[in-house]
Amino acid sequence: MLLPELEYIRPATVAEAIDALAAERNARVLAGGQTLLNALKLRIVHPAALVDVSRLEELRQVAEEPDGTLRLGAALTYDELAGNALVRERHAVTAAMTSRIVDRQVRARGTLGGNVCLGDPTSNFPPLLVALDARLVVQGPAGTREIAAEQFYLAPYMTALEPGELLTEVLLPPLADGEAVGYESLQVGIDSWALARASALVRVQSRDGNGSGTITAARVALGCGPVPVRQPAMEAALIGGPATRDAIAAAAKLAGEAFDPPADVHATAQYRTAMARVMARRAVISAATTKEA
Ligand SMILES: Cc1cc2nc3c(=O)[nH]c(=O)nc-3n(C[C@H](O)[C@H](O)[C@H](O)COP(=O)(O)OP(=O)(O)OC[C@H]3O[C@@H](n4cnc5c(N)ncnc54)[C@H](O)[C@@H]3O)c2cc1C
C-alpha cells in the first residue's frame, strides 16, 4: 500500500527538529521507520508531517561521563549500538542482546530511540532499561528533562513523552563493583516476537572460593505485559540471600507481580506468567554467575 501524502522534514540539528515538532502539532518523529512506515501504510496513524531524525549526527553518538554513565544517542541503529566498543566493554549484555534483534535488515535500520518510544510491550529494550535504571533524556518546547525508564511506559504504545518532545539520549548508569546483568526472552520463533522477557541487574559480594556469594542488590524487570514492571517481591527475596541456583529459583517463584500479560492465540496469560518466572530465574542466574560479578 502507498504512503499517504504528508510533509517530509529533514532537520539539520536537534534544535531544528524540536522547532519542526513545535510548528506542526500533528507531526511525528521518523527514526528507522521500521514500524512507523508500516503504520502509515495501514492508515493506523495520520500525521501531517514526518520529522526525520535518523541522520542527525548529534543523536548518533556514544559518550562516557566522568562517573562512567554511558550516553547513547537515540538515533543509533541496533547495529551501531551492538558494534560500539564502549558499549561492548561497559555493557556487554546490552550489546549482545542488541546484536541478536531479529535480522540484519531490522538491525541496520531500527534505532534505540524508535524501539524505546514505540512502547510496544514485546520490544527488546524496555525491560532491560528498567532493570539497568536507565534514564531517558527528552527535549521539547519546554526544555530538557530526564525520565526514569521505570516511569516512561504508561500503557501499550503509550509513553510519558509529551506532544512535541523528542527522545535524544538514553543514559546507562555504570555497573558498580560486583554488579552484572542478565537478559532472557522466550520468542514465538527465532525471528518473531516474544511471549516473555526478563532482565536483571544483580550485585554479588563476598564471593567464596566456589564463586558464590551474597546478593546485596537486585533489580528485576519483566517485559511482554502491558508495560515493563519491576519485581519487588522477588528482589526482596534475593537481597541478603546466597547467590545460588536454589535460592534464586525460590525467589523467582515470587515473580509475576503486576505483570498482567494478555491471552491470545499464541499463549494463555498463565503460560506467559509461568514463562516470565523462568526467564526471571535464568536472567538472575546469568547475572549472578557472570565472572565479572
Ligand atoms: C520484521 C520486524 C521484526 C521486528 N522484531 C522486533 C523484535 O523482535 N524486537 C524488537 O524490539 N523490535 C522488533 N521490531 C521493531 C523494530 O525494532 C523497530 O525498528 C522499532 O521498534 C522502531 O524503531 P524505528 O527506529 O524503526 O522507529 P520508527 O518506526 O521510525 O518509529 C517508531 C515510533 O517511535 C517514535 N520515535 C522514534 N524515534 C523517536 C525519538 N527519538 N523521539 C521520540 N519519538 C520517536 C516514532 O514517532 C514512532 O511513533 C521488528 C520490526 C520488524 C519490521
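This report describes the domains, the contact between two of them, the ligand surroundings and the salt bridges of a predicted model.

## Basis of the model

Local features are reported only where pLDDT is at least 70 and side-chain atom pairs only at pLDDT 80 or more, whereas totals for chains, interfaces and linings use all residues. Residues are numbered from 1 along each chain as its sequence is written, and side-chain values use heavy atoms, with hydrogens and water left out.

## Domains and their contact

The protein chain is divided into domain 1 (7–52), domain 2 (57–172) and domain 3 (179–288), with bounds that come from an automatic or database domain assignment. The centres of domain 2 and domain 3, taken over C-alpha atoms, are separated by 21 Å. To their contact (heavy atoms within 4.5 Å), domain 2 gives 19 residues and domain 3 gives 20 residues.

Between them, domain 2 and domain 3 bury about 1600 Å², of which 66% is on carbon and sulfur atoms; buried area is the accessible area (1.4 Å probe) that two parts lose on being put together, summed over both. Of the area that domain 2 buries against domain 3, 31% is supplied by Thr 122, Pro 127 and Ala 131, more than by any other three residues.

## Polar and charged pairs across the interface

Three salt bridges are counted between domain 2 and domain 3, a salt bridge being a side-chain nitrogen of Lys or Arg within 4 Å of a carboxyl oxygen of Asp or Glu. Nine residue pairs, both residues at pLDDT 80 or more, are in polar contact across this interface; a polar contact is a pair of N or O atoms within 3.5 Å, where within protein one must be able to donate a hydrogen and the other to accept it, and residues adjacent in sequence count only if both atoms are side-chain atoms.

## Ligand surroundings

The ligand is surrounded by 26 residues, the closest being Val 29, Gly 33, Tyr 78, Thr 111 and Asn 124, where a residue is near if one of its heavy atoms lies within 4 Å. A polar backbone atom of Val 29 is 2.5 Å from an oxygen atom of the ligand, while for a backbone N or O atom of Ala 31 the corresponding distance is 2.9 Å.

## Salt bridges

The count of salt bridges comes to 14.
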